[in-house]
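Subject: Structure for your review

Dear colleague,

Please find below the structure I promised to hand over. My notes on what was found in it follow directly after.

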Amino acid sequence: MSSRIPRIGIGGPVGCGKSMLIEKVVPLLAKKNYRVCIISNDVISKEDADRMRKNLSTDQGLLPENLVIGLATGGCPHTAVREDPSINLSVIEEIESKHDDLDLIIIESGGDNITTTFSPALADYFIYIVDVSGGDKYPRKRGLGIETSDLLVINKIDLASMVDANLDVMERDAKIVRKNKPHVLVNCKTNQGIDQVTEHIIHDVFFDQPPKTVTASV
């Protein structure tokens, strides 16, 4: 019987930077020899999966093309990761049977709102992303994603001055709303904060354990 591979769910509104965050984190994990599979959910298209496959597999050679999987769910984005995750669970079951040497499965939700969460049957760890261009009110508006995620990523911090968003206010409100659960300020274009996100994954998901490939060779 294949063992369960740790799973991270990544959610957030359309355009908040979910795919780009994955594209930035995976190379850092790869440098540490962690082997990753990506499942990208979207309502109709598989555009995000195709882009990640090109950027991570074709251009950088970081993972096989068949380990970037696009799912067109055909319905409300959060349904496939929360109410009825069966389509994702079916794909994961197949992945685990064929690739038991993987260290991590990343599941990207379709673009949704602040109510996004992942079923505990699907994801072991939940990263929720907000976009600074939506204004500094975002964290204090609460919502399940902001309140309950294991890690909150405040992305596109380079846009704060352009939209009169106060990053200090966003951090203050995030601490209050989340009761000091972790958050990271990120600029995916410059890689600011990406190291911190990766460190949270290694510490909180892998519990600082080495990759399976390293363990197997010892």
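This is a predicted model: local features need pLDDT of at least 70, side-chain atom pairs count only at pLDDT 80 or more; totals for chains, interfaces and linings use all residues.

The largest pocket

H1, strand E2 (36-42) and H2 each contribute at least two residues to the lining of the largest pocket. H1 supplies the largest share of that lining, namely three residues. The pocket holds about 380 Å³ of space. Its lining comprises 23 residues, and those nearest the centre are Gly15, Cys16, Gly17, Lys18 and Lys156. Sorted by class, the lining has six nonpolar, nine polar and eight charged residues.

The volume of the largest cavity is about 50 Å³. Ile8, Ile10, Leu21, Ile22, Val25, Ile106, Ile127, Val197 and Ile201 form its lining. Strand E1 (7-11), H1 and helix H7 (194-204) are the elements that provide two or more of these residues. Here too H1 is the main contributor, giving the most to the cavity lining with three residues. The class count for this lining is nine nonpolar, no polar and no charged residues.

Packing of H1 against H2

Two packed helices are described by the angle and the distance between their axes. For helix H1 (residues 18-31) and helix H2 (residues 47-58), the axes come within 10 Å and cross at roughly 25°. Angles under 35 degrees count as roughly parallel, and H1 and H2 are therefore roughly parallel to each other. Their crossing is right-handed. On the H1 side, the contact involves Ser19, Met20, Ile22, Glu23, Val26 and Pro27, which meet Asp48, Arg51, Met52, Asn55 and Leu56 in H2. Six nonpolar, two polar and three charged residues make up this contact.

Packing of H1 against H7

The axes of H1 and H7 likewise come within 10 Å, and they cross at roughly 65°. The crossing of H1 with H7 is right-handed. In H1, the residues in contact are Leu21, Lys24, Val25, Leu28 and Leu29; their partners in H7 are Ile194, Asp195, Val197, Thr198, Ile201 and Ile202. By class, this contact divides into eight nonpolar, one polar and two charged residues.

With kind regards

Technical notes
Residues are numbered from 1 along each chain as its sequence is written. Side-chain values use heavy atoms; hydrogens and water are left out. Axes are lines fitted to C-alpha atoms, for helices over the stretch in contact, and angles run from 0 to 180 degrees between N-to-C directions. Helices (H or I, at least four residues) and strands (E, at least two) are DSSP runs, numbered from the N terminus. Angles under 35 degrees count as roughly parallel, over 145 as roughly antiparallel, 65 to 115 as roughly perpendicular and the rest as oblique. A crossing is left-handed if the near helix is turned anticlockwise from the far one by less than a right angle, and right-handed if clockwise. Contact means heavy atoms within 4.5 Å. Ala, Val, Leu, Ile, Met, Phe, Trp, Tyr, Cys and Pro count as nonpolar, Asp, Glu, Lys and Arg as charged, and the others, Gly among them, as polar. On a 1 Å grid over the protein atoms alone, a cavity is a set of points where a 1.4 Å probe fits but cannot get out, and a pocket is an open set with protein on both sides within 12 Å along at least five of seven lines; lining residues have an atom within 4 Å of a point. Grid points are joined across faces, edges and corners, and a volume is the space filled by probe spheres set on the points.
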